[in-house]
Amino acid sequence: MRHGGDGVGSTEAAPGRDESPEERADRQWSELLQELRVVQTGVQILFGFLLTVAFQQRFPALSGGDRTLYTVTVVLGAAATGALVGPASLHRMLAGHRLKPETVVWASRLTVLGLVLLVCTMTAALLLVLRVAGAGTAATWIVTGMVVWFALAWFLLPLLARHRARERRVRR
């Protein structure tokens, strides 16, 4: 068995693990399910909330630009929900076809896409709320700061950790 794989869905066992590709896929699938349980709940609540906004009394008073921003936000929320629920459908449609390693790879890709779409949804929703709340030009700066925070916490930190782990393995 080869060692050193660090990518989700990789057929190589992680360092210190002695597992077959099937065992690795089963473990990765379980880990992915745990991650999705956290994210799916949040994105579904956010999307449900977004759907109710159009039925609020103040909605007709929104400017044309804010209505467009709301529409974009709802579409992004739907896309994020679809991407983050997609792995369950993928698994169900491929179960029993001996495709678990491939299922894990595609489900992982859908999850990352869903996270990107969730950042976009949260960005648009935050911008809309801050504009309606009257934050003016500060809204843009606040939203920019939040996008930077999401990028750091959700994407750059994990990439930095992977890079440092790879450097340690190369030095050995």
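Is Glu31 buried, exposed or partly exposed? Glu31 is partly exposed, because its relative accessible area is 36% (buried means under 20% relative accessible area, exposed over 50%, partly exposed in between, with a 1.4 Å probe and protein chains only). Keep Glu31 in mind, as the tour returns to it below.

**Before you start**

This is a predicted model, in which local features need pLDDT of at least 70 and side-chain atom pairs count only at pLDDT 80 or more, while totals for chains, interfaces and linings use all residues. Residues are numbered from 1 along each chain as its sequence is written, and side-chain values use heavy atoms, with hydrogens and water left out.

Colour the chain by pLDDT, the predictor's confidence in each residue, from 0 to 100. The protein chain averages a pLDDT of 90, and 91% of the residues score at least 70. Now select residues 1-6: here the pLDDT is below 50, and the stretch has 26 contacts in the model beyond near neighbours in sequence (contact means heavy atoms within 4.5 Å). Where pLDDT is low, the predicted coordinates should not be read in detail.

**Stop 1**

How many salt bridges does the model have by the rule used here? The count comes to six, where a salt bridge is a side-chain nitrogen of Lys or Arg within 4 Å of a carboxyl oxygen of Asp or Glu.

Arg27 forms a salt bridge with Glu19, and their closest N and O atoms are 2.8 Å apart. Both Arg27 and Glu19 are buried.

Now bring back Glu31. Its side chain meets that of Arg27 in a salt bridge of 3.2 Å, N to O. Glu31 and Arg27 both lie in helix α1, four residues apart, which is about one turn of the helix (helices are DSSP runs of H or I with at least four residues, strands are runs of E with at least two, and both are numbered from the N terminus). An α-helix has 3.6 residues a turn, so residues three or four places apart point the same way. Arg27 counts as buried because its relative accessible area is 19%.

**Stop 2**

Select Lys100 and Asp26. They form a salt bridge whose closest N and O atoms are 2.8 Å apart. This pair links distant parts of the chain: Lys100 is in helix α3 (residues 100-132) and Asp26 is in helix α1 (residues 21-53), 74 residues apart. Lys100 is partly exposed, with a relative accessible area of 26%, and Asp26 is partly exposed at 38%.

**Stop 3: along helix α2**

Select residues 64-94, which make up helix α2. This helix has 31 residues and reaches 44 Å from its first C-alpha to its last, close to the 45 Å expected (the expected span is 1.5 Å times one less than the number of residues).

Asp66 lies in α2. At 9% relative accessibility, Asp66 is buried. Leaving aside neighbours within four places in sequence, Asp66 is in contact with Leu128, Arg131 and Val132.

Move on to Val75, also in α2. Val75 is exposed, with a relative accessible area of 53%. Draw a distance to Ala125: the two C-alpha atoms are separated by 11 Å, and the residues are 50 apart along the chain.

Where does α2 kink? Select Gly86, where a kink of about 40° lies shortly before the proline Pro87 (the bend at a residue is the angle between axes fitted to the seven residues ending there and the seven starting there). After α2, look for Gly96, whose phi is positive, near 85°.

**Stop 4: aromatic rings**

The model has three aromatic pairs (rings of Phe, Tyr and Trp, using the six-membered ring of Trp, pair if their centres lie within 6.5 Å; planes under 30 degrees apart count as stacked, over 60 as edge-to-face and the rest as tilted). Select Phe59 and Tyr70, an edge-to-face pair with 5.2 Å centre to centre and 70° between the planes. Phe59 sits in the loop between α1 and α2, and Tyr70 in helix α2, 11 residues apart. Phe59 is buried at 14% relative accessible area, and Tyr70 is buried at 8%.

Finish with Trp154 and Phe155. Their ring centres are 6.4 Å apart and their planes at 65°, so this pair is edge-to-face. Trp154 is partly exposed at 29%, and Phe155 is partly exposed at 23%.
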